[in-house]
Amino acid sequence: MACSPNYAPPFSQCFLSPRSQQDIERDEQIYSSYEKLTSQLPIFNEWPPYSLQHYQSFWITAMFIPACMAIQSHFNPRPSDILLVTSPKSGTTWLKALSFATLHRHSFSLSDHPLLSNTPHQCVPFLEYLFSHRTIPDLNVLPSPTIFAAHLPFPLLPRSALSCRIVYLCRDPKDTFVSLWHFLEKSRISLSTEDKSEGLDLNKAFQLFSQGMAPGGPFWDRVLGYWKESLRRPGKVLFLRYEEMMEDPVCHLKKLAEFMGCPFSTEEEKNGVVEDIVKLCSFDNLRELKVNKDNKASLEDKRPPPSSFFRKGKVGDWVNYLSMEMAESLDAITKEKLHGSGLSFESSTVLP
Ligand code: PAP
């Protein structure tokens, strides 16, 4: 059984294979062409600390657009791999922890687990970061299966992504918005050096989010993309909701394990393995770990501090920040946008 102090996330290996001068020049050319294309896209600077650009009908964080282009052309997962996709602030960190702990449950003991000394984001990296090093990563050197994550909207995923299994997690738009606003405020403060740019006022941010002009937006187009695909290919795309997972994490973890191809055995269920993983990955447990309490941002790659991914972890916290008028307005937009799709957020609107 592996021991977590020895566990090092394997992702640096993607960049270690010897590369010929030709490969280096090829990657250089590829990324230069992506940067050139990126520089021509409409830019929007209202959401500090990140700029957004309009790329293929979505507002994407500008610094990740060359990586998105690289993913679109060079991401070729193996059928065994698993891709977690979320709208930003929908429970990505939680889903990463749950799927990592579930897939690797036979390799690590819960008392000495990699998630106790690595953040969920270190255990399951975003493709947007893996492809942002001006080098196409060699993902084939990674153990099979490997879990990756992405915030990419479905229309921006390459066809090749459907060769693996995709888990999509979404969250009520009001809570998503409130979480996003707090996260960007915290990121702005922790990433600012001499630049003391002002934050985005909550009311203004709300207006922009409602118009679809928010990181990863429009919210509804993104959710609908994965919702429709999950109906079309239920064996390939599992559609999950934060509120439902919070209500019954055990039932949803079993569903997730089955979808990932590693269902819990009757023996495991009897022995409480599912409950143990839920406990390991719970908000209260992860938030209290030293590694996740870290308040230091990485200025080099503009990464917010680990602590910014753990705020309240509650359903319905919007009630503390949005007026009833705002909530009704966002609900009405959501109802209209999702009309006829079979998807609705109405049950998650009930006041907590
Ligand atoms: P990302 O999309 O930027 O990677 P993501 O993890 O989706 O981040 O967003 C963090 C949200 O998930 C926070 O929500 P809040 O602002 O409403 O509190 C965070 O608290 C919540 N979260 C993080 N870990 C967990 C967890 N283990 N269980 C439940 N919620 C969690």
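Okay, the structure holds 1 cavity of 30 Å³ or more. Before I go on, this is a predicted model, where local features need pLDDT of at least 70, side-chain atom pairs count only at pLDDT 80 or more, and totals for chains, interfaces and linings use all residues. Residues are numbered from 1 along each chain as its sequence is written, and side-chain values use heavy atoms, with hydrogens and water left out.

So what is a cavity here? On a 1 Å grid over the protein atoms alone, a cavity is a set of points where a 1.4 Å probe fits but cannot get out; a pocket is an open set with protein on both sides within 12 Å along at least five of seven lines, and lining residues have an atom within 4 Å of a point. Grid points are joined across faces, edges and corners, and a volume is the space filled by probe spheres set on the points.

The largest cavity has a volume of about 90 Å³. Its lining has 13 residues, and Phe209, Pro215, Gly216, Gly217 and Phe219 lie nearest the centre. Helix 6 (173–191) and helix 8 (219–232) each give at least two residues to that lining. By helix I mean a DSSP run of H or I with at least four residues, and by strand a run of E with at least two, both numbered from the N terminus. By class, the cavity lining has 7 nonpolar, 5 polar and 1 charged. Nonpolar covers Ala, Val, Leu, Ile, Met, Phe, Trp, Tyr, Cys and Pro; charged covers Asp, Glu, Lys and Arg; the others, Gly among them, are polar.

Gly217 turns up again, joined to Pro218 by a cis peptide bond with omega about 0°. Pro218 sits in the loop between helix 7 and helix 8. There's also a cis bond from Pro48 to Pro49, omega near 10°, and Pro49 is in the loop between strand 1 (43–44) and strand 2 (52–55).

Now, the second largest pocket: about 190 Å³ in volume. Among the residues lining this pocket are Tyr129, His133, Glu300 and Lys302. The pocket lining splits into 3 nonpolar, 3 polar and 3 charged.

On to helix packing. Helix 7 (residues 202–210) packs against helix 15 (residues 324–338) at about 15°, axes 11 Å apart. Axes are lines fitted to C-alpha atoms, for helices over the stretch in contact, and angles run from 0 to 180 degrees between N-to-C directions. That makes helix 7 roughly parallel to helix 15. The cut-offs: under 35 degrees is roughly parallel, over 145 roughly antiparallel, 65 to 115 roughly perpendicular, and the rest oblique. Phe206 and Phe209 of helix 7 are among the residues making the contact, as are Leu330 and Ile333 of helix 15; contact means heavy atoms within 4.5 Å. That contact has 6 nonpolar, 3 polar and no charged residues.

What about helix 3 (residues 92–103) and helix 12 (residues 273–280)? Their axes come within 9 Å and cross at roughly 140°. Helix 3 and helix 12 are therefore oblique to each other. Leu98, Ala101 and Thr102 of helix 3 meet Ile277, Val278 and Leu280 of helix 12, which gives 5 nonpolar, 1 polar and no charged residues.

Ser57 is in the loop between strand 2 and strand 3 (58–61). Thanks, everyone!
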